[in-house]
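My notes follow the order in which I checked them.

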Amino acid sequence: MPITRRSLVPAAFVHLTSIMLATTTLATLAAAQSSPAASPAVEKIDYATLARIKEEGLQRSQVMDHISWIADVYGPRLTGGPGIRQAADWTKKKFGEWGLSGIHEEPWAFGKGWQLVRFHAHMIEPQVMSIIGLPKSWTPSTNGTVQVDVVLAPITAAADFEKYKGKLQGKIVLTQPARAVRMLDGRIVMRMNEDDIAEAKTTPVPAQSRAGGGSPGGFAQGQQFAQRVAEFYQSEGAVAVIDRGADSDLTAGGSDLSWQAQRVDGGTIFVGSGGSRDENAGKGLPSVVIAVEHYNRMVRILEKGVPVKMELHVETKFLDEPQGQGGFNIVAEIPGTDPKLKDEVVMLGAHFDSHHGATGATDNATGSVAMIEAMRILKAAGVKPRRTIRVALWGGEEEGLMGSRAYVKQHFADPATQQTKPEWDKLAAYGTRGILALGRCSSNGSSR
Ligand SMILES: [Zn+2]
């Protein structure tokens, strides 16, 4: 989304889920660098530099090595956890080796961190089944390894509470009915067709609230009810709650694109956060998402009146927030060389954090390493830009664009007041994974 005066929100910083090559960004950035604000027509394009950038990126790419470090070795990079800290240290060290300037972190308030220590789960009666699953982030541990009965107790309406009263003490609760698993059909692997690409080239108006559903207040009411259900399970003395994820087996195209693809069910789980990071952190029940067919099997057995018993071990750790500033962005730059233009900044950015359930390779190590590699290529190619080129790798995206919002507020403008800061006038362009947002130029005040 282009950055204009009217859109001072960090919508430009939302992530997309496509992969792009660092060299593509660089070619675009180089073109941007070559366009003076006042008179684009007279600018001489530096083809020699472009050729060096292409040569470095296409012949000596290190991008796959970068991604292996920050995904394989240091992933997952859950904000506030140890992985993102290690990945950040690695990235800053590399930036230093390549000769970038001003390498630093910009912290912001996040709340408690969280870490998975151990997890395993089995159905142990009537048969033994090793269960694929993962605790939700920011949820607590079980009391060691527990072996307890499983009950099915989905609560979708107020009348359901009475049904399960007094029946959950010491039990593991399955909180949803079974979900039908469709045969895989239609679009499973996403390859963008011409229509998708055409749509991706547009600037869709961000959906206000996908989760909101139809009726006004529906989402807030839904949240309240979910909270009531969670408190009920806990007050009834349940040991842990287990679900199989969303009812839908479709997944959206990312951001505001319209396409959907079918989620593959073969043991894949989709797990996010299940607890708070504030002073209530850790006060809920251990909460686990398991593979849908492992879940469905236990439901089907229970519905036959046959008891199901599970062995469950959830071990997690809450981490105190250092100095109330547990989130951070990584920032580094190549200083501009033109005395008049060096205060103008061309920015590259991507979100660096991930969820805890996997290594965060596609979301969003791909975006981050494209930007990391872009900076390496520029230094390796000996580029001496007239304007400053700055990279920022955001934390806390998965918890709500926290890092990029903090940066916008601190450097450019407070979206609440729309009051710009001096740096706003110096922002010439912003690039994130395949998008180059050309912003306001200081010399003529236009948005483009
Ligand atoms: Zn993401």
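These entries cover a predicted model.

**Helix α7.** I began with α7, residues 218-235. At 1.5 Å a residue, its 18 residues should span 26 Å. I found its end C-alpha atoms 25 Å apart, which agrees. I then looked up burial: the number of buried residues in α7 is one, so the helix lies largely in the open. Just after α7, I noted Gly 237 with a positive phi of about 90°.

**Strand β12.** Next I took β12, residues 327-334. Eight of its eight residues are buried, so the rest of the structure largely encloses this strand. I checked both faces, and both are covered. One side carries Gly 327, Asn 329, Val 331 and Glu 333; the other carries Phe 328, Ile 330, Ala 332 and Ile 334.

I then asked which strands pair with β12. β1 (residues 101-108) pairs with β12 in the antiparallel sense over six bridges. There, His 104 has Val 331 as its bridge partner. β14 (residues 388-394) also runs antiparallel to β12, joined by five bridges. Here Ile 334 is partnered with Ile 389.

**Cores.** The largest nonpolar core has 51 residues. Met 371, Met 375 and Leu 393 have the most contacts inside it. Elements giving two or more residues include β12, β14 and α9 (361-380). α9 gives the most, with nine residues. Domain 1 (10-111 + 322-438) and domain 2 (113-317) both contribute, so this core lies between them.

How values were computed:
Residues numbered from 1 in each chain as written. Predicted model: local features only at pLDDT ≥ 70, side-chain atom pairs only at ≥ 80, totals over all residues. Helix = DSSP H or I, 4+ residues; strand = E, 2+ residues; numbered from the N terminus. Expected span 1.5 Å × (residues − 1). Buried ≥ 20, exposed ≤ 12 C-beta atoms within 10 Å, placed from the backbone. Pairing = 2+ DSSP bridges. Core = buried A, V, L, I, M, F, W, Y, C linked by C-beta atoms within 7 Å. Domains from an automatic or database assignment.
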